[in-house]
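Subject: Structure handover

Hello,

Here is the structure I promised. Please open it next to this note as you read.

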Amino acid sequence: MNKKLYYFVAGETSGDQHAALLMKELIAKDKNIIFAGVGGNKMEKFNFSSLYPMNKLAVMGFWEVIKKISFFKSVEKNILLDIIKKKPDKIILIDYPGLNLRIAKKLKKFNFTIVYYITPQVWAWKEKRINILKSCIDKLIVIFPFELEYYKNHNMNSLFVGHPFFDEWKPSSKKILRKRLGLDVSNPVLTLYPGSRKDEIKKHLQIFIKSALLIKKEIPNLQIVIGSAPNINMNEFYSVQDNILVENKFPRKALECSDIAILASGTATIEAAIFSIPSVVVYKSSFFSWFLAYLFIKTKYIAMTNLIAKKEVMPEFIQYKANPILISRKLIDIYKNKNNYNNIINDLKSVSTSLGKPGASKRAA
C-alpha cells in the first residue's frame with residue numbers, strides 16, 4: 001500500500017510531547033502513515049527526523065524573537081520549501097503560533113489539508129489571527145473546553161478532545177514518588193519549575209531559588225526540588241545550593257509529589273492542577289516583551305488554570321511583582337492556612353475534571 005506522509009510542525013517541549021502521543025495513535029490506526037517536519041526527541045521515536053533541532057526554536061518573548069528574526073525567517077522559508085517538495089497528505093500544526101500561523105497563511109494557495117492541534121490563544125490576545133485560522137485551516141482540534149464555545153461563536157468547525165496529558169500520566173502516591181526520587185517521605189516538598197527554555201530559566205531561576213530559601217526559613221524541614229529538562233544545566237544560570245535537589249530524569253514526578261510549587265507560566269500550571277498541587281505562577285521577560293504583552297493581552301489572568309477556573313486559584317506574580325519576598329509570603333500563607341490549602345485543592349480538582357478523560361490523542365487521531 002502507498003505510504004501517507006503527515007507533516008508536523010512543533011516548536012516547544014509540550015508540543016513535542018503532544019505530537020508524539022498523536023503520532024503513536026495515528027500509527028495504531030494506519031501503519032502506512034509516515035512522518036516528517038519539525039519536532040523534538042519524543043517525536044523522533046516514531047522514525048521522525050526533524051528539519052531543525054527543536055531547542056533552537058524555543059524562544060520566549062517578543063524582543064527575544066526579534067533578536068533572532070533572520071534565523072526564524074530562514075526556518076520558515078526552509079519549512080515551506082520542504083513541505084512543497086514533499087507534498088504531504090496532511091499538515092499538522094502543534095501550538096507554536098508565531099511560526100505556524102505564518103506557514104499556514106503562505107500554504108493556503110497550495111491547497112494542502114491543514115489541521116491545527118492545540119490552537120493559538122486568539123481569545124487572549126491578537127484576536128485578528130482568527131482570520132488566518134478561518135481562511136487557512138481545515139480543522140481545529142482543541143484541548144480546553146471553553147475553546148469549543150469560543151470557536152462556535154465565530155462560526156468555526158472545532159473538535160474538543162480533552163487534554164492529552166491524561167494519555168501519558170499514570171497516578172501514583174506521593175510516598176512512592178518521594179522514595180523514587182530519594183526524598184524524605186514525611187517532610188514537605190516544594191518544587192520549582194522555572195521553565196524549559198533557556199530564556200525562561202535565565203529570568204526565573206534566581207527568583208525561584210531565593211523565594212524557596214525564604215520559605216525554608218519559615219518551614220525548616222522543607223525539601224526543595226527543581227524540575228529540570230534533561231538537557232539543561234541549572235548551574236549555568238544560577239548557583240544551586242547543595243541542599244536543593246535538581247531532578248532532570250523525572251521532573252514531572254518531582255511536581256506530582258510536592259506539597260506546594262512555584263511555576264513558570266505555561267503547561268506546568270495544567271500539570272499542577274491535575275496533580276492538585278497548590279502553586280503560584282511567575283512570568284518575567286524583557287521589559288519590551290512584557291510591555292507589548294501588557295498592551296495586547298485581553299484576559300484577566302495568564303495561567304491557564306486560572307482562565308479555566310475563572311478566578312485566581314494560582315496567585316500570579318508577573319514582571320515587577322515577581323519578587324521573592326512577595327512569592328514566599330504567599331506560598332507560606334497557602335501552606336500554613338489549611339482551610340485555604342484544602343479549598344485550593346478542591347478548585348484544582350474541578351479544573352482537572354473539566355479537562356476531560358484519557359483518550360484525547362486517540363480522539364484527535
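Below are the findings on one helix, the aromatic rings and the cysteines.

First, the ground rules. This is a predicted model, where local features need pLDDT of at least 70, side-chain atom pairs count only at pLDDT 80 or more, and totals for chains, interfaces and linings use all residues. Residues are numbered from 1 along each chain as its sequence is written, and side-chain values use heavy atoms, with hydrogens and water left out.

Helix α3

Helices are DSSP runs of H or I with at least four residues, numbered from the N terminus. Helix α3 covers residues 69-86, 18 residues in total. From first C-alpha to last it reaches 26 Å, close to the 26 Å expected at 1.5 Å a residue. That expected span is 1.5 Å times one less than the number of residues.

I call a residue buried under 20% relative accessible area, exposed over 50% and partly exposed in between (1.4 Å probe, protein chains only). In α3, F72, V75, E76, I79, L80, D82 and I83 are buried. Down the axis of α3, these buried residues fall within an arc of 160°, so they line one face of the helix. The arc is taken from the directions from the helix axis to the C-beta atoms. An α-helix has 3.6 residues a turn, so residues three or four places apart point the same way. The face of α3 turned away from the buried side carries the exposed residues S70, K73, K77 and K85. Just after α3, K87 has a positive phi of about 50°.

Aromatic rings

Rings of Phe, Tyr and Trp (its six-membered ring) pair if their centres lie within 6.5 Å; planes under 30 degrees apart are stacked, over 60 edge-to-face, and the rest tilted. The whole structure holds ten aromatic pairs. F110 and F112 have ring centres 6.3 Å apart and planes at 35°, so this pair is tilted. F110 is partly exposed at 37% relative accessibility, while F112 is buried at 16%. The ring centres of F165 and W169 are 5.9 Å apart with planes at 25°, so that pair is stacked. Both F165 and W169 are buried. Y52, F71 and F72 form one aromatic cluster.

A charge sits over a ring if NZ of Lys or CZ of Arg is within 6 Å of the ring centre and within 35 degrees of the ring normal. K338 lies over the face of Y335, 4.0 Å from the ring centre. K338 also lies over the face of Y341, at 5.0 Å.

Cysteines

How many disulfides are there? The count is zero, taking a disulfide as a pair of cysteine sulfur atoms within 2.5 Å. C136 is buried, with 8% relative accessible area. C257 is buried too, at 0%.

Best wishes

Definitions and conventions
Helix = DSSP H or I, 4+ residues; strand = E, 2+ residues; numbered from the N terminus.
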